Amino acid sequence: MSWRPLTILILTTVGCATWRTVGSYEGWTLHEESPGSVQEDLWRAQVEPAKAAVEAWLGPFQDSVQIHALAGPVRLAEDGRGVVHAAEASQPVAGMRQTEVRGYHLQGTDPAQAGGIFVRDPSLPTLVHELVHARLAEGEDELPLWFEEGIACLLSDGLMFEEHWVRDGFSAWPWAELRARRPDGLELQSVLELDSMSTSSVRENVLAHLIGWALVFDLWRETRSDDWHTWRAAFDWEHPVQDAQRRLNRVLSEPVPGEWLRARLASSNRGVRLAALRGSWKLASPEVGAILLGALELEKDPEVQVALAVNLLASGGHVAADGSGLLHIHERARKTLSQSSLPTPSEALAVRTLVLALEDAAPGETTDAGAALEGLRRFWDE
Ligand SMILES: [Zn+2]
């Protein structure tokens with residue numbers, strides 16, 4: 001489970017693919033790269049709620065949105081440009097682990113391509129992220145790259161629940177990545193200076209997402225506003241590096257994930273609880289382990305129970321202070337899964353397979369759980 005999803009704002013075209021229009025709907029059009037490759041209903045079911053969510057925050061789109069279904073994964077070239085690469089879904093980034101690029105938005109000058117969204121799979125977070133870029137590109141404001149990426153990352157952290165997008169906002173990947181390898185002052189300054197038209201390296205581009213998320217998350221919490229204009233007004237543009245350092249210190253402090261999880265798991269809305277749990281395995285610490293375990297004791301909803309158990313199991317050894325704590329967590333999670341009753345047959349089967357894979361495995365030992373976890377992706381994949 002080393003997935004590090006990322007959606008990227010890219011300036012220039014990826015080549016001269018010929019696109020076939022699949023259909024035109026209210027306010028958007030779907031195009032496909034290879035004929036017959038797209039399941040129209042599936043895309044519509046994802047794009048409609050993603051577009052509705054983005055319009056609720058940022059106002060209605062002025063122009064029809066052009067969505068392109070890519071036939072292959074995206075790969076970033078070292079000059080920051082995207083190329084479609086048929087074989088690989090993830091790529092190494094200097095100083096970081098593997099990163100998967102799931103989509104991009106073109107802000108180029110070529111009218112045939114500008115404003116378009118290019119995505120591989122109709123995943124809702126990716127669509128929300130790219131639609132935020134597309135909507136912001138319609139405005140007059142020239143935003144720094146980090147700020148625009150931060151807005152897109154914040155708004156696209158969540159999940160689809162009962163046909164609506166439920167935003168969480170706390171994104172585990174950038175938090176864990178920045179906490180493990182925080183950029184120094186010079187690198188921070190160079191990332192803060194990028195605008196959406198700058199040419200940047202893959203690392204700078206990824207860092208703009210990570211730093212952007214952290215700073216915008218802090219601005220969002222500080223202002224208690226959902227309006228990005230308020231966030232922009234709250235940032236100290238006269239002393240950007242100092243203000244960014246101050247905000248990074250605050251966001252990356254150790255108690256933040258625990259505080260966030262505790263508050264979100266206390267919500268009576270189970271969509272909010274599910275959204276908060278996704279990715280929580282990346283935050284593994286004894287404190288987070290205790291919060292998830294405590295929530296599991298109280299939780300009545302079968303889906304949230306599975307989400308708690310799966311994220312606990314995926315957290316690895318750091319989720320408990322010692323071996324007996326880890327054993328207890330694994331026992332509790334396994335018991336939850338073996339008693340669970342998910343309504344979707346494929347997910348119920350995945351849970352059974354996971355329980356069988358865990359039966360004889362010691363805590364931390366590699367099990368044959370990969371395929372089962374794949375079938376339960378919506379519970380852990382952020
Ligand atoms: Zn982006």
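What share of the contacts in the protein with a separation of 6 or more comes from residues 24 or more positions apart? The figure is 67%. The model described here is predicted. Its secondary structure comprises 16 helices and eleven strands, and 46% of the 382 residues count as buried.

**Confidence**

The mean pLDDT of the protein is 85, and 82% of the residues score at least 70. By element, strand β6 (residues 82-84) has the lowest confidence, with a mean of 49, and helix α8 (residues 240-251) the highest, at 98. Residues 10-14 stay under 50 in pLDDT, and the model gives them 16 contacts beyond four places in sequence. The pLDDT is also below 50 over residues 83-88, a stretch with 14 contacts in the model beyond near neighbours in sequence.

Strand β3 (residues 28-32) is mostly covered, with four of its five residues buried. It pairs with strand β2 (residues 20-25) in the antiparallel sense through five bridges; T21 has H31 of β3 as its bridge partner. The two strands make a hairpin with two residues between them, and G27 in the turn has a positive phi of about 85°.

β3 also pairs with strand β4 (residues 65-69), here in the parallel sense and over five bridges. In this pairing, E32 stands opposite A69 of β4.

Helix α2 (residues 124-137) has 14 residues, which at 1.5 Å a residue should span 20 Å; the end C-alpha atoms are 20 Å apart, in agreement. Twelve of the 14 residues of α2 are buried, so the helix is largely enclosed by the rest of the structure. Among the buried residues are P125, L127, H129, E130, H133 and R135.

In helix α9 (residues 256-265), the buried residues are P257, W260, L261, R264 and L265. Viewed down the axis of α9, the buried residues fall within an arc of 115°, so they line one face of the helix. An α-helix has 3.6 residues a turn, so residues three or four places apart point the same way. The cover over the buried residues of α9 includes α4 (172-180), α10 (270-277) and α11 (286-298).

**Exposed loop residues**

| Residue | Loop | Other C-beta atoms within 10 Å |
|---|---|---|
| E162 | between β10 (158-161) and β11 (164-167) | 8 atoms |
| D184 | between α4 and α5 (185-192) | 7 atoms |

Most residues other than glycine have a negative phi. E162 has a positive phi of about 45° although it is not a glycine. R224, also not a glycine, has a positive phi of about 55°.

D184 and Q245 are 61 residues apart in sequence, and their C-alpha atoms are 9.7 Å apart in space.

Methods. Residues numbered from 1 in each chain as written. Predicted model: local features only at pLDDT ≥ 70, side-chain atom pairs only at ≥ 80, totals over all residues. Expected span 1.5 Å × (residues − 1). Buried ≥ 20, exposed ≤ 12 C-beta atoms within 10 Å, placed from the backbone. pLDDT = per-residue confidence, 0-100. Contact = placed C-beta atoms within 7 Å. Pairing = 2+ DSSP bridges. Arc of directions from axis to C-beta.
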